[in-house]
Amino acid sequence: MSSGKILWVDDEIQLLKPHMLFLEKKNYEVVPCTNGADAVESISEEQFDIVFLDENMPGLSGLETLSQIKEKLPNLPVIMITKSEEEYIMEEAIGSKIADYLIKPVNPNQILLSLKKNLDLSRLVSEKTTSNYQQEFRKISLDLAMVNTYKDWIELYKKLVHWEIQLESISDIGMTGILESQKEEANSQFFKFIKNNYRDWFHGSDAPVLSHTLFKDIIVPQIQKDPGTLLVVIDNLRYDQMRVLEPVINEYYKSVQEKTFFSILPTATQYARNAIFSGLMPLDMEKKYPQYWKNDTDEGGKNLFENEFLTEQIKRLNLNLTHEYFKITSLSQGRDLASNLAKIKSNDLTVIVYNFVDMLSHSRTEMEMIKELASDDKAYRSLTVSWFKNSPLLEIIQNAQKMGLKLIITTDHGTINTSKPSKVVGDKNISSNLRYKTGKSLSYNEKEVFEVKDPKEIFLPALNISSSFIFAKEDYFFAYPNNYNHYVKYYKNTYQHGGVSLEEMIIPCTTFEPK
């Protein structure tokens, strides 16, 4: 079996016979060609894996031939070979998306290396990635048996996300399946850890940065270091989604600090995002600011007073800051802000809440087409990147970079793809979220939930004296016995939040400096 079919275009092709013999011994098929016009005709008539193209030829030049080849077959890799080291030739060739650039005289090993890079790259990367993960698999398994602090869990989750993103570029379904099993096992262990430790974080135990301490502990030190900060809170953004957005952001900004923190429970916008802006747990918000706080069964929007909460927190921390707050829930709002961003230049802090990812996860539940486009975590990440590259948010970030603003990107909670139903029964005032429930007379499977019978223990308000909270574990979602099969079919394999999982609770806060 051939290692690959090469079209070699050079007006002095007879001088390259030793190189061609060398490649044929390495199992490559080499087709010689002496001019650009014949080369363009050849690629129309035959299939080639790669082209070696001499830059300096009579008649159709190398660059002209390259242009015509790319017009016909834009994805055919072309390696340019030339005697000239003139910068403009290199720039034109690179601008035309050549695969590699070799300077004459070339030796056989140079040619072989270039072929390996271009023809065998995906296979070699796949083999290397698989081999590295196989070595790491045992270590992750050992870590899972030993992990017992929130810091350990952050590191383990980051490691799992790293390998998930690495393995998505290869076609080894077996390796991906092994990683999925490790993630499931990790979420099972993480649930036990949260069940045993979450209460203690509010009662003197060593605690991670949580939603209500994020602003004071992570964001304020960055603002004080360098006023003129744009804080973007992307609703419902997971750590893995942040990792795939970073390369796009890094075209304009360099990452200077990556922090991870824990969303409070419930991992839902009403609780977690209000906690970020107020610097308070929900129970304290209800006591101090009853005019701003709404419980699950109250009428009206639950996040209408984020700016008021933020203003009060800034006062409480004695910060001398000028700030402005924007909430973007539509394309037109995003475009308007991108066009008028210069107006915020004098602010010490500008806060933008961006709701697209949250809308995407809800659309995925309600629309079959979105469900197909984001059928799993890999596709969900890909769709997030596609949106981001074409969104007003990226334009806002580009404009902020030109204005010299520091950039902080964070979120309120993550989300998980749910697959297992868990039956729950309650009175008519039970909350509607699929990953947590609050109300009185709740009936449920105790093995599938983290139950908190006294919400005050974790600083949550109670709807009434006998109200409790339950949080779904791993990838479970709550379903009512009435019309159970329809309910399960509708919500299975949808992205939900509010419960206990690595994806929902361990979330990013990354600081960037403009390039």
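In this predicted model, K420 has Y476 of strand 17 as its bridge partner, strands being DSSP runs of E with at least two residues and helices runs of H or I with at least four, numbered from the N terminus. Strand 12 (residues 420–425) and strand 17 pair in the parallel sense over 4 bridges, where pairing requires at least two DSSP bridges between the strands. The open sheet has 3 strands in the order 14-12-17, with mixed pairing. Its edges are strand 14 (443–444) and strand 17 (476–479), each pairing on one side only. Helix 19 (residues 484–491) packs on this sheet and touches strand 12 and strand 17, contact meaning heavy atoms within 4.5 Å.

Turning to the helices, helix 17 (residues 377–389) packs against helix 18 (residues 392–402) at about 55°, with axes 6 Å apart; axes are lines fitted to C-alpha atoms, for helices over the stretch in contact, and angles run from 0 to 180 degrees between N-to-C directions. W387, F388 and K389 of helix 17 meet L393, L394 and I397 of helix 18.

Residues are numbered from 1 along each chain as its sequence is written. For this predicted model, local features need pLDDT of at least 70 and side-chain atom pairs count only at pLDDT 80 or more, while totals for chains, interfaces and linings use all residues; side-chain values use heavy atoms, leaving out hydrogens and water.
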